[in-house]
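The structure under discussion is shown below.

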Amino acid sequence: MASGGGNFFEDFTQGVTIPHGPPRTLGEGDQSLYTALYGSRFTIQSSTPAARAIGYRRAPLDDLLVFHCVFGQSVADISLNAVANLGYADCRFHAPVYPGDTLEARSTVIGLKENSNRKTGVVYVRTEGFKEDDERVLDYIRWVMVRKRDPEAEVGPPQVPELPTQVAVDSLVLPAQLKVSTARLGDLRGTAWEDYEAGDRIDHRDGVTIEEAEHQMATRLYHNTARVHFNHHVEKDGRFGRRIVYGGHVISIARALSYNGLSGAFHILAINGGSHTAPSFAGDTIYAWSEVIEKLAIPGRADLGALRVRTVAAKDRACGDFPYKDAAGSYDPAVVLDLDYLVLLPRRG
Amino acid sequence: MASGGGNFFEDFTQGVTIPHGPPRTLGEGDQSLYTALYGSRFTIQSSTPAARAIGYRRAPLDDLLVFHCVFGQSVADISLNAVANLGYADCRFHAPVYPGDTLEARSTVIGLKENSNRKTGVVYVRTEGFKEDDERVLDYIRWVMVRKRDPEAEVGPPQVPELPTQVAVDSLVLPAQLKVSTARLGDLRGTAWEDYEAGDRIDHRDGVTIEEAEHQMATRLYHNTARVHFNHHVEKDGRFGRRIVYGGHVISIARALSYNGLSGAFHILAINGGSHTAPSFAGDTIYAWSEVIEKLAIPGRADLGALRVRTVAAKDRACGDFPYKDAAGSYDPAVVLDLDYLVLLPRRG
Amino acid sequence: MASGGGNFFEDFTQGVTIPHGPPRTLGEGDQSLYTALYGSRFTIQSSTPAARAIGYRRAPLDDLLVFHCVFGQSVADISLNAVANLGYADCRFHAPVYPGDTLEARSTVIGLKENSNRKTGVVYVRTEGFKEDDERVLDYIRWVMVRKRDPEAEVGPPQVPELPTQVAVDSLVLPAQLKVSTARLGDLRGTAWEDYEAGDRIDHRDGVTIEEAEHQMATRLYHNTARVHFNHHVEKDGRFGRRIVYGGHVISIARALSYNGLSGAFHILAINGGSHTAPSFAGDTIYAWSEVIEKLAIPGRADLGALRVRTVAAKDRACGDFPYKDAAGSYDPAVVLDLDYLVLLPRRG
């Protein structure tokens, strides 16, 4: 009887698209939980009048809530037997998601490469999220190391996709009908594109301590069933002696902290890439800082501008001195997240 | 001044109906919390389009959320002075409950039996839950051992009701207008009735560790005020040295785990009986397995079928070898729940 | 780069009004979380049919959820650099808040007084909360001790406002269109004004143990960013060696407990004053008791009456003997909250 054992490396076939499930109708309650779990305060996701003032139908759901739900749906098919989540790239948000929308997800296998020990292999997928009318809301590439069921199983030749280091700017999608009139700029209650220069570094100051109940509730909210997050009975004897926090939980903490200094960055356009450089656990206190990598004007838009930002999260270490890599390129041991992404801000015009 | 001291054994009178309160309007937010607390992934409760595809008005609330809210309303009147919750039987779900519906509950005393020590007695009630238009949504028999206020108080002769071991099949209620066309079967994203045979045993694989904050939030969401769940200051000196988890919390964990292998079982029709064979506490990791006891065709319906299932939950012990009872009929010490119930699945036709 | 460092004492100017942000659209999900966090069971906030029966449009949000959200919005501007939250007074609730309403807040500086050590000063503000159509829903005076950025900074002469010890009865606002017909009294499922006399003391009986995940989720839900509630890494070396629970969390626990004995007190009209007499921490078990200070008839209303109530919360100590102050006027060391407020109840007419 099939009971959710998940796929092993040799179960994946290049080019095949795997529909995930079940779909998930998201509502106001999910956004309330997101707020309670992270304390996110970006105006557009917090206030329906402010969202309407710039062209949204109502306050959209948080971009990362959408990301986590699409990711979560894919876990049972893609990464239940994963050893490690290696990275993601080329992630774009295509359309706002509102309470009442239903998300479905599917993944296409775009690469397969067995490891030399023959016990594991790397699976590359492009995962896509859709609304019920097939409007695409999100896609991203993810690669993950997956166990083989049988190390002796024969598999095909390696096929490794080209991974873009950065989302192509001309493939970015602005939320439809978005228009920030100068008169409504005050409604956004945050910073503007003109407040930043490439090279700016921002300490997000606050630190938040993760609790087991919090990361478990978050991860379940996303329908993410990866076992390492929930089972102390097994994990107490595992590599770390305890449950591991879903990496996306740390991304959401860092994004919420980044309001201190990036309050105008109301929408994530794209994620160029992200690394979970070390695992996080309950009891860790997460801090974050950001660097503005690049300022991007948006052709034809005087009301909106983009920033390419690197946000770095560290645990049990304040970020006033911007911990990152040493001269040899190794991460500071406190760093747990290195995220390279594009955010949208209003311009003063 | 009345301040919620609850009823004692001698306060109950055979045949009397006790209205509970306050009513509880359930909403999307309650279902979101239910998802965050248990990670339930059954398609019909997760997706409004899927629910509509088979005749629901929208995604209904989880059956057990309804059960817990009706049960929770009854606690202040029935079991605040309980020593032990002895069992339930003859539980039927009569109608789907949607966000916006308001639940009220009442219980009728159907049996009373003083114990020989005269300090306690067993109270048998039939508890019913209604929507605001008096549509019945749930009823069940429950019996509970309740303290006497005064051991010397005289009480009436014992009256013990007949307890059905199984819900009568002809009293089961299918959700109104439910119709699974073969064309929409794929929308359900789960198993079908034909996938099971009586005797099948299914390991639900995953284990989830209970946190104090989780079971407390759940139990409060249900307006259940039983003190043993919330008060460490008292319980640290009590029988177990810590707070006891509401038994229904474990039922919901087991039901959510059962998605691994019973993904098509989208609706609980009835609960024949359930026993909390041992208490659960924060820190316990709950696993579960199920056995298909019986396959039941539904007269006149080629699109739906029922399974009688036993789901067993165990703590700190994986269930790959289906722990249950020993030769003498005693439960494996790891077992915490033995639940006998009927679920509805689509048929392939 | 501004990154949320907050205002210091010398940044405040007498008479200046500070708009807070971002606004917060509250929904059903926020009320569901409030229920899960506190277990509040007051009928009007629990049941839309009951709320409609006495003139509300639907079940309003809990009064204290509104208070906490307005308070939370003010923290980043008023008290991020606070040493101590000294008190509040003259708090009135002006209008019910419903799911879908958006709250905005602003504070006006009504007093400033540097302390003799020149390191800190007391800031007095009147904070007001509004709906998006500028309807005022809440106002209160709060005073808080705030650090100076630079002890040498010159500041103006002391200006200390007059603080009312009690909200003026003629300034109280009844929720619009509220009308309790005798026929609907049963719908409220609680006590009535006639059940109380001045001097009544009520033990609320139950005790609830606070968990870190609970108070953190609550405080984030309110957009309250005060650091002491979230950062174990810093607080482990701080004055108490651990995170401090937001005082409002304890107020909400005490209010929810007060349902045992004050079940008819469906609305808070005003808060005369409140003191957090000792800090609370995760692991504390909170109990509460209340005294009816005064019965207030409402001119022209035979259907509603008010009670002035003192609710006292204590930690790790049952309240059957009503712990409060000793002969010298010092609080019992277990007491953590002393709240003086006005509640509205139905009258039997």
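This is a predicted model: local features need pLDDT of at least 70, side-chain atom pairs count only at pLDDT 80 or more; totals for chains, interfaces and linings use all residues.

On the α1(C) side, the contact is made by C:D30, C:L33, C:L37 and C:Y38, and on the α5(C) side by C:E214, C:M217, C:A218 and C:L221. By class, six of these residues are nonpolar, none is polar and two are charged.

Helix α1 of chain C, residues 28-38, also packs against helix α5 of chain B, residues 212-221. The angle here is about 115 degrees, with the axes 6 Å apart, which makes α5(B) roughly perpendicular to α1(C). The contact of α5(B) with α1(C) comprises six nonpolar, three polar and one charged residues. From α5(B), the residues involved are B:Q216, B:M217, B:R220 and B:L221. They meet C:S32, C:L33, C:T35, C:A36, C:L37 and C:Y38 in α1(C). In this pair, α5(B) passes α1(C) in a right-handed crossing.

The geometry of the two pairs is set out in the table.

| Helix pair | Packing angle | Axis separation |
|---|---|---|
| α5(B) and α1(C) | about 115 degrees | 6 Å |

C:L33, C:L37 and C:Y38 of α1(C) take part in the contact with α5(C), and these residues also meet α5(B).

How values were computed:
Residues are numbered from 1 along each chain as its sequence is written. Chains are lettered from A and ligands numbered from 1 in the order in which they are written. Side-chain values use heavy atoms; hydrogens and water are left out. Axes are lines fitted to C-alpha atoms, for helices over the stretch in contact, and angles run from 0 to 180 degrees between N-to-C directions. Helices (H or I, at least four residues) and strands (E, at least two) are DSSP runs, numbered from the N terminus. Angles under 35 degrees count as roughly parallel, over 145 as roughly antiparallel, 65 to 115 as roughly perpendicular and the rest as oblique. A crossing is left-handed if the near helix is turned anticlockwise from the far one by less than a right angle, and right-handed if clockwise. Contact means heavy atoms within 4.5 Å. Ala, Val, Leu, Ile, Met, Phe, Trp, Tyr, Cys and Pro count as nonpolar, Asp, Glu, Lys and Arg as charged, and the others, Gly among them, as polar.
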